[in-house]
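These are my notebook entries on one structure. I record what I looked up and what I found.

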Amino acid sequence: MSEDLSTPLHGEHVAAGATLTSFAGWQMPLRYAGDLAEHHAVRTAAGLFDLSHMAQIEVNGPEAGAALDRSLVSIPSQLADGRARYTVIVAEDGGIIDDLIVYRFAADEYLVIANAANRHTVLDALTFRSGGLQCSVVDRTPHRALIAIQGPRAAEILAPHLDVDLDALRYYASVNGTVDGVPTLVARTGYTGEDGFELAVPANGAVGIWRLLLGAGESAGLVPAGLAARDTLRLEAGMPLYGNELTRDTTPDEVGLGRVVKLDHEFVGRDALVARAQSPSSRHLIGLVGSGRRAARAGSAVIDGDGTQIGAITSGVLSPTLGHPIAIALVGAPAEVGARLEADVRGTRQPMTVVELPFYRRPA
Amino acid sequence: MSIPTDRQYTAEHEWVQLDAGTATVGVTAYATDALGDVVYLDLPAVGSEVVAGQPCGEIESTKSVSELYSPVTGTISRINDAAVEAPEVVNADPYGEGWLFAVTVEAEGPLLDAEAYTALTDQG
């Protein structure tokens with residue numbers, strides 16, 4: 001544990017009595033008062049998350065766009081300034097290295113947010129793939145913090161403390177502003193299925209902003225929320241998690257991310273993805289719901305009507321919002337919505353029904 | 001964290017209160033802190049035989065599943081239906097309303113007093 005990294009907000013979490021956990025080499029808050037209360041707060045009011053473990057990699061220079069186009073399955077150089085895109089980086093064989101958000105600020109200025117566990121892998125891949133191009137790839141993670149405020153009341157809590165107009169900030173757009181005197185990149189992005197914002201700030205400004213927002217949002221129901229709630233929120237929203245749904249053995253197509261792949265440009269892994277697209281996909285990502293309260297979890301076998309194992313659950317939980325078990329599974333053949341399957345929940349077969357993702361969609 | 005001294009404990013983070021041949025069993029606050037919010041309990045059926053040190057049920061939180069071990073050998077005499085219906089009581093009051101099951105005791109397994117259990121949890 002002692003070799004784990006700490007975020008700039010570590011002292012705040014300890015003071016708040018958070019249960020800390022070792023996650024991807026970082027000491028992170030798993031929960032504060034309780035993960036269910038934190039989950040419900042994000043669905044009904046707002047939650048504040050420390051995401052400073054996530055990698056912040058700047059790619060700058062006249063050929064930064066070309067470097068990212070070559071490195072990723074999408075075409076970041078075609079983004080408008082101030083826009084962001086959810087994307088994927090794959091290996092030569094088409095397997096997923098990580099899922100990312102790439103922000104374009106200007107033609108020569110980009111930011112890549114990667115999963116903490118893949119920070120060095122992504123940094124190395126971007127550095128290698130941009131070889132020969134006029135750009136720099138710099139890991140800013142140690143000097144920065146990332147704070148997310150998520151939930152239906154996030155905008156009204158944040159707006160008074162920000163010198164930019166949040167109403168004009170669209171989903172997956174970003175703007176530079178100031179919070180509490182600290183230069184802040186504000187992005188309308190998140191991983192909870194709710195409206196919300198992610199604030200990238202210098203490390204030494206994080207504590208002030210954290211305290212400011214916690215105080216400002218308290219009467220609206222804002223609470224600090226940990227990684228446990230983040231996981232149940234993202235799963236309800238049908239969002240894949242690196243390590244569960246996304247692995248080096250899966251291609252974007254197999255996990256329902258074919259839409260982010262632009263085969264009409266050159267990038268590392270393109271040839272493998274084109275070749276794989278010629279043959280039927282061997283795996284498909286599906287959503288499953290059950291009844292009762294006993295959740296099928298990652299690793300549980302998924303069994304069809306003939307009693308044949310057709311795949312396995314990659315994430316599963318008793319949905320705090322819906323009250324029944326939900327799960328994402330990777331199976332060998334496409335399954336129709338409404339199809340009835342079974343999950344082996346620690347020795348007991350439980351019926352589950354195929355549904356469309358996401359499980360939860362926020363009220364319009 | 002101070003824990004009740006009117007009962008005994010196990011290395012599996014359960015508590016046992018012995019009274020006139022009946023053992024009432026629950027999990028400790030250390031266990032509920034580690035688990036997070038409890039959302040599902042799978043308790044042994046009333047009348048079933050349990051063996052000290054053997055799994056007899058499951059306790060699930062949003063994040064994990066743990067086995068429940070019977071601290072004693074005997075026959076299940078009661079289970080806490082209220083906790084099955086509303087598992088949050090296990091977090092709210094692990095040493096009281098959040099008890100799990102009661103056993104008519106034939107033999108005890110290895111049990112720790114409060115001091116020994118506290119020493120165990122302090123070791124991390």
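**Entry 1: the model.** I note at the outset that this is a predicted model.

**Entry 2: elements of chain B.** I looked up the secondary structure and found 4 helices and 9 strands in chain B. I then read their order from the N terminus, which is β-β-β-α-β-β-β-β-β-α-α-β-α.

**Entry 3: extent and interior of chain B.** Along the principal axes, I found that the C-alpha atoms of chain B fill a box of roughly 30 × 30 × 20 Å. Of the 124 residues in chain B, 44% are buried. I also looked at contacts in chain B between residues at least 6 apart in sequence, and 63% of these join residues at least 24 apart.

**Entry 4: where the chains meet.** I found 10 residues of chain B in contact with 14 residues of chain A. The side of chain B that touches chain A consists of 3 nonpolar, 3 polar and 4 charged residues.

**Entry 5: helix 6 of chain A.** This helix covers residues 206-217. I checked its length: at 1.5 Å a residue, its 12 residues should span 16 Å, and the end C-alpha atoms are 16 Å apart, which agrees. I listed its buried residues as A:Ala206, A:Ile209, A:Trp210, A:Leu213 and A:Gly217. Seen down the axis of helix 6 of chain A, the buried residues fall within an arc of 100°, so they line one face of the helix.

Methods: Residues are numbered from 1 along each chain as its sequence is written. Chains are lettered from A and ligands numbered from 1 in the order in which they are written. This is a predicted model: local features need pLDDT of at least 70, side-chain atom pairs count only at pLDDT 80 or more; totals for chains, interfaces and linings use all residues. Two residues are in contact if their C-beta atoms, placed from the backbone, lie within 7 Å. Ala, Val, Leu, Ile, Met, Phe, Trp, Tyr, Cys and Pro count as nonpolar, Asp, Glu, Lys and Arg as charged, and the others, Gly among them, as polar. Helices (H or I, at least four residues) and strands (E, at least two) are DSSP runs, numbered from the N terminus. A residue is buried if 20 or more other C-beta atoms lie within 10 Å of its own, exposed if 12 or fewer, and partly exposed in between; C-beta atoms are placed from the backbone. The expected span of a helix is 1.5 Å times one less than its number of residues. The arc is that of the directions from the helix axis to the C-beta atoms.
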